[in-house]
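Hi everyone, thanks for making the time. Let me put the model up on the screen, and then we can walk through the spaces in it, the cores and a few backbone details.

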Amino acid sequence: MSNKKKRSWAEPYKIKMVEPVKMTTQEERQKAIRDAGYNTFLLRSEDVYIDLLTDSGTSAMSDRQWAGMMLGDEAYAGSRNFYHLEDAVREYYGYKHVVPTHQGRAAEHIISQLMIKEGDFIPGNMYFTTTKLHQELAGGTFVDVIIDEAHDPENEHPFKANIDLNKLENLIKEKGADKIPYVSMATTVNMAGGQPISLGNLKEVRELTQKYDIPIVHDMTRVAENAYFIQQREPGYENKSIKEIVIEICSLTDVATMSSKKDALVNIGGFLALNDDELFDKARNMVVIYEGLHTYGGMAGRDMEALSIGISESVDYDHIRARVGQVQYLGEKLIEMGVPIVKPIGSHGIFLNAKKILPHLSQDQLPAQSLAAALYLDSGVRAMERGVVSAGRNPETGEHNYPKLELVRLTIPRRVYTQAHMDVVAESVEAVYRNANEIKGLKFVYEPEYLRFFQSRFEVL
């Protein structure tokens, strides 16, 4: 047995610009979280020390991307940057057509309106908030067909985003293939803790859907991170590059929605990618109504240029290893401290198991929301709830949806924080965990109709 010591590693970049952050007192944080209605989304960013609310649009761009911003062609029609983006999508993802949008949910809206009709059912590997809402607004019903292991935070299945083939085929047989406009497949699955799908499973899903002539719509927001897990965990892919694996994933799907604010390392932007000429023509027509001309779709030329460069950087092995590695670093520290988290450690964040940390609070007392507020109060670290508040209400009964997972997400922006920041986060989480019995539940005092987790306000019970 080798006694070789595991060597340390550092980020594959150096810092050449800094943004100062404000240090706050506990009294200041108490006022800030109370003024925000105990909703971390309503905090002012200037009152946040380490911002782990989301990895969406919060990444640091590279010098190449910033240089590309200076080459923005802001022509209303036919910007050269659009064609650079089109080339990047074709080279790195393999899709034939691209329709730019201002961000991912706009692509979700367009494809939902085009493909879903009233009374349809859309199977998927666990819901995502905006995706599910657009499917519902188009007249469809989302059906979760993810494997059961995904709903168990303690289960260490390496590919918890896998689709249960029996669940999927049973739904198709029960409702009829004509009632299934497409299968919604995400890489990775956010609500399950940033868990990946395996290529073996995706191939089986593809075979099944082709049998019934049902397309696959790919939420590819974090496809490079999923590819990294495949490279590390799935036999037969250890010698494949991230780029090769990404291309293979995309080749097994028909349509893709992309929030470029994650994997692709930009602060704004997204797109719809597809292969079918007729569907592309419809999408290109619809984007003009809701977003902008089909060669910019709500994005400035400079943003499309930064995006095309970010796509190429996202599949770089050193980058993706360090990106996922920083998440692993934080997760391993929390596990050593005994803090209950979703296992295995995911790709874009650590998900605290609020049910286990706050067993004295029922889901009606909003434990994940309460835990996120307590963490901010302790240290100024901003996280977000992924539990009953995010799950919303049943549109027919008006009752809360009660997900099996009640989580607080510590989402790590790309290329922004150092390992020292992760140490501070870990110590804060541990302190809150040790005093968890003192945390009180919350109740709604304001609730918007849609996507309530963004704007709801609460008060302490």
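**Pockets, cores and cavities**

Let's start with the largest pocket: 43 residues line it, and M17, A60, M61, R415 and V416 are the ones nearest its centre. The elements that supply two or more residues to that lining are α2 (63–69), α12 (317–336) and α16 (419–434). The top contributor is α12, with four residues. The volume comes to about 1,600 Å³.

Before I go on, a word on the ground rules. This is a predicted model, where local features need pLDDT of at least 70 and side-chain atom pairs count only at pLDDT 80 or more, while totals for chains, interfaces and linings use all residues. Numbering runs from 1 along each chain as its sequence is written, and side-chain values use heavy atoms, with hydrogens and water left out.

Everything sits on a 1 Å grid over the protein atoms alone: a pocket is an open set of points with protein on both sides within 12 Å along at least five of seven lines, a cavity is a set where a 1.4 Å probe fits but cannot get out, and lining residues have an atom within 4 Å of a point. Points are joined across faces, edges and corners, and a volume is the space filled by probe spheres set on the points. Helices (DSSP runs of H or I, at least four residues) and strands (E, at least two) are numbered from the N terminus.

On to the second largest pocket, with about 1,100 Å³ of space. It has 36 lining residues, and K132, E136, A391, R393 and N401 are closest to the centre. Two or more residues each come from α5 (129–137), β4 (141–144) and α15 (388–391), and α5 gives the most, with five. The classes here are 16 nonpolar, nine polar and 11 charged.

Let me come back to R415, from the centre of the largest pocket. R415 sits in the loop between β12 (407–411) and α16, and its phi is positive, about 65 degrees, although it is not a glycine. D213 also has a positive phi, near 60 degrees, and is again a residue other than glycine. D213 belongs to the loop between α7 and β6, and it counts as exposed because its relative accessibility is 72%, where exposed means over 50%, buried under 20% and partly exposed in between, with a 1.4 Å probe and protein chains only.

While we're on the backbone, there are cis peptide bonds to point out. One joins T187 and T188, with omega about -20 degrees, and T188 is in the loop between β5 (183–186) and α7 (199–211). Another runs from K343 to P344, with omega near -10 degrees; P344 is in the loop between α12 and β9 (349–353).

Now the interior. A nonpolar core is a set of buried Ala, Val, Leu, Ile, Met, Phe, Trp, Tyr and Cys residues joined through side-chain atoms within 4.5 Å. The largest one has 72 residues, and V89, Y93, M126, M220, F271 and I311 touch the most other members. Helix α8 (residues 223–233) gives the most to this core, with six residues. A second, separate core has 34 residues, including A354, A374, V381 and A383.

How many cavities of 30 Å³ or more are there? The count is three. The largest has a volume of about 80 Å³, and its lining includes E108, H134, Y182 and D219. By class, that lining is three nonpolar, six polar and two charged.

I'll finish with H97, in strand β2 (residues 97–101). Is H97 buried or exposed? H97 is buried, because its relative accessible area is 12%. Its side chain makes a 2.8 Å polar contact with that of D277 (a pair of N or O atoms within 3.5 Å; within protein, one must be able to donate a hydrogen and the other to accept it, and residues adjacent in sequence count only if both atoms are side-chain atoms).

Notes. Nonpolar A, V, L, I, M, F, W, Y, C, P; charged D, E, K, R; others polar.
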